[in-house]
Amino acid sequence: MAELSPSIAQCAVVATAFKVLLFPAYKSTDFEVHRNWLALTNSLPTKEWYYEKTSEWTLDYPPFFAYFEWTMSQFARLADPEMLKVYNLEYDSWQTVYFQRATVILTELVLVYALHLFVQSAPPSLRRPSHAAALSILLSPGLLIIDHIHFQYNGFLYGLLILSLVLARKKSTTLVSGLLFAALLCLKHIYLYLAPAYFVFLLRAYCLGPKSIFHIQFLNAIKLGTGIIVVFGAAFGPFAYWQQIPQLLSRLFPFSRGLCHAYWAPNVWAMYSFTDRVLIYLAPRLGLPVNQEAINSVTRGLVGDTSFAVLPEITARMTFISTLFFQIIPLIKLFFDPSWETFIGAVTLCGYASFLFGWHVHEKAILLVIIPFSLIALRDRRYLGAFRPLAVAGHVSLFPLLFTAAEFPIKTVYTIFWLVMFLLAFDRLAPASTRSRIFLLDRFSFLYIAVSIPLIVYCSLLHQVIFGKSMEFLPLMFMSSYAAVGVVGSWVGFLVVYFTS
Amino acid sequence: MSSPHKPRRKPKKQLGAEGAASSATPNFPLEAFLWPARGFVSQWEILPLILMAVGLFRWAAGLWGYSGFQNPPMHGDYEAQRHWMEITIGLPISQWYFHDLEWWGLDYPPLTAYHSWLLGKIGSLIDPAWFALRSSRGIEDPALKVFMRATVIVSEYFIYIPAAVIFVRRFTRLQGINHWHAWIALTAILMQPGTILIDHVHFQYNTVMLGFVLACMSSIQAGRYMWCSVFFVMALGFKQMALYYAPAIFAFLLGVCIFPRINLARFLGIATVTAVSFAVLILPLYLGALYDSYRGIDARPELFGHKAPLPLFTEHSFRLDHNAWYYPILQQTAQLIHRVFPFARGLFEDKVANFWCTLNILIKLRKYPSELLQRASLLLTLTAITPPCFVIFVKPKKELLPLALATTAWAFFLFSFQVHEKSVLLPLMPMTMLLTGKNGLSDNIRSWVGFANLLGVWTMFPLLQRVDLRIPYYVLSLLWAYLLGLPPTSFAAYKTGWSTWTGCAMSTMHLLFYAFMAVWHVVEATLSPPATKPDLWVVANVGVGSIGFGICYLWCLWTLVAESKLLSFLGTQPKKAKSL
């Protein structure tokens with residue numbers, strides 16, 4: 001298989017070597033979060049997991065993730081039993097770091113396997129582009145920054161997602177795909193954002209007849225229904241039995257948080273906040289009323305409670321409705337054309353809608369868009385045209401996650417390395433489209449990528465030289481507004497491609 | 001296709017071009033990684049990618065601790081380099097080589113001092129506390145670590161890496177080797193575990209010196225012999241260890257002035273340029289010393305105006321006029337030589353995998369007078385460097401240069417005195433360059449280059465584990481072995497070559513060494529040495545290492561002789577060393 005060189009396994013080996021070298025790198029509070037979960041699942045009875053609050057980082061993932069932590073904690077005992085004590089806050093001995101970092105690398109093997117299956121299941125003519133896409137996910141700077149430096153288990157979780165998406169390719173494994181996704185929901189509930197696409201796809205492709213929607217396949221519907229009930233029962237059953245569901249839900253869905261997350265994920269609301277800031281200066285000239293309280297609020301824009309000076313407030317209900325609205329639009333097409341490619345497109349667009357319009361979106365959630373999109377980005381050049389600004393914006397928007405000097409070269413050089421390598425490779429591999437391309441979109445994506453260079457230079461170097469420590473929000477705001485333009489642009493571009501192909 | 005825009009490249013044509021260039025399948029993982037770059041990829045795409053990838057590994061490795069980290073009172077190499085920045089920016093130039101020699105006194109040639117001065121000036125702009133005179137000793141600011149790591153990388157990207165890229169391109173072009181092989185060899189060279197571990201993890205600036213030597217080598221490939229001497233003087237001026245290469249470079253340059261016909265103009269040109277480069281190199285030190293004495297600044301203020309005898313020719317130094325205008329120059333010269341060449345120290349310092357340290361296991365050398373040992377060492381070194389120097393002198397062919405340099409450097413490493421574990425980087429550099437030569441990526445050469453490199457890092461393991469650098473050691477050396485398809489990750493390179501006696505012997509011997517290294521690691525990690533012999537593991541490492549290096553010396557010498565075809569006119573056509 002010389003044409004598929006380097007193989008996924010070879011890339012995984014070299015990437016692992018790099019990730020092991022990153023063991024001593026900066027780690028965020030998420031490291032302590034997961035250590036705490038290891039400790040509390042190991043040392044407390046299951047009944048108390050969702051009530052424990054010694055650490056401020058309480059368990060706020062669904063039960064399967066807690067079981068996952070419990071399983072790992074059985075091995076953690078061998079590495080360093082001290083990390084399993086709930087009161088041992090901020091404990092980070094070398095053994096603890098090695099152990100936790102190693103679990104991230106090992107559980108990522110699920111991703112490696114899923115990508116392998118993805119390439120194997122592709123039709124022979126698409127095997128080369130699929131292989132390139134698989135490598136781009138495996139070596140994704142997003143996963144490197146979030147999992148192997150910042151610390152989380154996204155490689156494992158997205159591995160399960162891809163596995164489930166790949167299994168949906170064949171009729172015979174659609175059921176497994178659906179159940180796997182249900183299990184994924186019980187691991188991390190952020191994937192609820194993608195659930196509408198799954199719902200429509202499974203309904204149309206599995207429960208209803210291929211010819212007519214009135215030809216209901218009852219056996220399939222029963223299999224799927226029972227399966228999902230079993231999966232959810234295994235996850236939530238014990239807690240339902242102990243009548244802890246309200247407590248559990250309050251942990252999973254903390255609605256008290258604000259509209260924008262600390263660093264302003266690059267979504268519509270970031271652009272909205274940016275506009276509001278600009279309007280503060282313009283409002284007197286335009287004769288608009290300005291909310292003085294909001295201007296003086298110290299925390300505005302930086303911590304949870306965003307409040308707007310000129311523009312109307314945004315409520316959780318508004319974000320919820322707009323998210324659902326923009327998710328339903330692509331789902332209509334999916335309902336009438338339940339092919340695998342459309343399904344992946346719909347998953348991607350559900351990711352887009354939730355990222356762009358969701359409440360309290362974290363910039364890490366951009367992976368919900370990038371990873372499913374990568375699977376189909378090489379279908380033809382029009383897809384690639386929409387993917388390119390997303391690849392740039394999505395990864396650049398992750399930069400503020402790492403702010404330490406030692407990790408600066410890693411995040412920037414690695415991202416540039418990845419962008420150069422894969423955008424060049426994709427450029428060669430993506431076939432020409434049968435439809436005419438949209439002139440403006442192409443030029444937009446080129447201009448957009450070009451702007452990123454001076455912007456990164458300004459935000460990471462020049463700003464400090466010019467302003468020193470003051471005006472710290474400025475680079476963050478520029479970055480997130482820039483990235484927001486890219487994400488929104490690529491979303492619009494992809495919507496066009498999705499509906500015209 | 002209604003689109004007015006055509007795809008930039010047609011995929012079908014690509015496949016055709018690829019099919020023509022393809023051998024079949026990649027032989028080892030590094031080939032697989034560069035597989036998509038065959039044939040049609042521009043160097044402007046592939047070179048930045050390679051340089052970014054190797055840079056990422058360097059920086060990531062640098063996140064680990066450095067030598068002397070949290071290890072008072074003396075700390076280590078990191079503190080030495082930082083301290084030199086501190087004294088060069090904080091003291092008048094005439095005091096550089098005299099200042100408090102007990103605390104990492106400057107003992108490298110002047111170019112290192114100037115380099116430290118420059119880095120110290122830049123660092124002081126960021127944070128003056130890092131290099132504040134005296135108060136900054138042993139400072140462990142994490143931001144300083146980032147700065148220091150950055151200085152190593154930047155120095156390497158300014159000197160070693162351009163030199164390596166240019167050398168690889170010239171050398172492969174000269175031998176008609178295609179670009180794709182050149183990229184593979186370049187990546188392998190830049191991922192050498194030894195240089196990354198010593199420079200970017202343990203901390204030093206060896207690649208600057210090695211880079212100058214590489215620049216010198218590539219000037220030779222281009223036929224620019226005067227530039228070659230300039231670069232070589234710079235290498236020597238940065239680190240005296242470059243002397244390991246000096247005999248071979250000298251023999252080669254002399255050779256090109258004599259064969260095929262005597263070229264006196266070239267000889268005089270080279271001689272003049274060398275002398276002038278030395279003068280320019282040392283000039284700032286001399287001028288500074290003169291200016292300081294004019295300003296009344298004494299090189300040794302701690303003596304309060306009393307003059308101490310010079311460290312060289314001490315018994316004659318009372319005849320000197322301490323007030324003569326030239327006295328500061330003599331004083332600096334004597335001190336420089338005394339500091340840079342510490343003859344006074346013993347035959348070997350720590351446990352190092354060379355001949356003397358191994359001999360010391362069998363017979364205690366301490367009972368012999370040190371002068372006898374020094375003479376024996378000189379004699380043995382001369383004996384060992386004579387054959388390669390003779391070959392390169394008689395046959396000054398450009399393609400033989402890496403082999404000749406490797407052989408002489410091995411000779412120095414094995415037999416000269418005052419050798420440090422880290423000096424193994426010197427023979428390894430030109431030997432690794434063999435990857436760029438003809439059949440450089442063949443199983444045979446790859447297995448020898450790999451053997452030397454992996455053995456080399458293995459002998460540095462005791463040095464690295466002392467500062468808890470096991471993990472980067474394992475990761476970087478196993479990664480390199482993996483990329484080149486070498487044991488312990490793959491035995492593919494040893495599948496062929498069992499058909500001849502030499503091939504059999506070579507493969508068996510290599511595999512025995514690899515097996516020993518593997519067993520040694522297991523033993524070292526699990527068992528503690530017997531109480532009576534606390535150094536047993538290190539001694540075993542050193543002993544086996546030196547035997548392996550001796551074999552590398554012999555192989556380089558044998559290959560050099562065979563490649564030079566020197567013996568062919570004697571009628572004894574060597575059997576073309578089946579292993580070649």
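Author: An axis is a line fitted to C-alpha atoms, for helices over the stretch in contact, and angles run from 0 to 180 degrees between N-to-C directions. This is a predicted model, in which local features need pLDDT of at least 70, side-chain atom pairs count only at pLDDT 80 or more, and totals for chains, interfaces and linings use all residues. Residues are numbered from 1 along each chain as its sequence is written, with chains lettered from A and ligands numbered from 1 in the order in which they are written.

Reader: At what angle do helix H19 and H22 of chain B pack?

Author: H19(B) covers residues 443-465, and H22(B) covers residues 536-564; both are DSSP runs (helices H or I, at least four residues; strands E, at least two), numbered from the N terminus. Their axes lie 10 Å apart, and the packing angle is about 155°.

Reader: Is H19(B) roughly parallel or antiparallel to H22(B)?

Author: The packing angle of H19(B) and H22(B) is about 155°. Angles under 35 degrees count as roughly parallel, over 145 as roughly antiparallel, 65 to 115 as roughly perpendicular and the rest as oblique. H19(B) is therefore, relative to H22(B), roughly antiparallel.

Reader: How many nonpolar residues are in the contact of H19(B) with H22(B)?

Author: Contact requires C-beta atoms, placed from the backbone, within 7 Å. H19(B) contributes residues including Trp448(B), Leu455(B), Trp458(B) and Phe461(B), while H22(B) contributes, among others, Val538(B), Gly545(B), Phe549(B) and Trp555(B). Ala, Val, Leu, Ile, Met, Phe, Trp, Tyr, Cys and Pro count as nonpolar, Asp, Glu, Lys and Arg as charged, and the others, Gly among them, as polar. The contact has no charged residues and four polar ones, and the nonpolar count is 11.

Reader: How far apart are the axes of H21(B) and H22(B)?

Author: H21(B) spans residues 501-526 and packs on H22(B) at an angle of about 165°. That makes H21(B) roughly antiparallel to H22(B). The separation of the two axes is 11 Å.

Reader: How many charged residues are in the contact of H21(B) with H22(B)?

Author: On H21(B) the contact includes Met509(B), Phe513(B), Trp520(B) and Glu524(B), and on H22(B) it includes Trp537(B), Asn541(B) and Ile551(B). Nine of the residues are nonpolar and two are polar, and the charged count is one.

Reader: Which residues of H17(A) meet H6(A)?

Author: H6(A), residues 127-138, and H17(A), residues 367-376, pack at about 160° with axes 8 Å apart. The two helices are therefore roughly antiparallel. The contact holds four nonpolar, two polar and no charged residues. Ala133(A), Ser136(A) and Ile137(A) of H6(A) meet Ile371(A), Ser374(A) and Leu375(A).

Reader: Which helix gives the largest share of the side of chain A that touches chain B?

Author: The contact takes 35 residues from chain A and 38 from chain B. The chain A side divides into 26 nonpolar, five polar and four charged residues. Helices H1 (8-21) and H19 (408-429) of chain A are the elements that give two or more residues to that side. The largest share, 12 residues, comes from H19(A).

Reader: Over which residues of chain A does pLDDT stay under 50?

Author: pLDDT is the predictor's confidence in each residue, from 0 to 100. Chain A has a mean pLDDT of 89, and 94% of its residues reach 70 or more. The stretch under 50 has 14 contacts beyond four places in sequence, and it covers residues 298-304.

Technical notes
Two residues are in contact if their C-beta atoms, placed from the backbone, lie within 7 Å.
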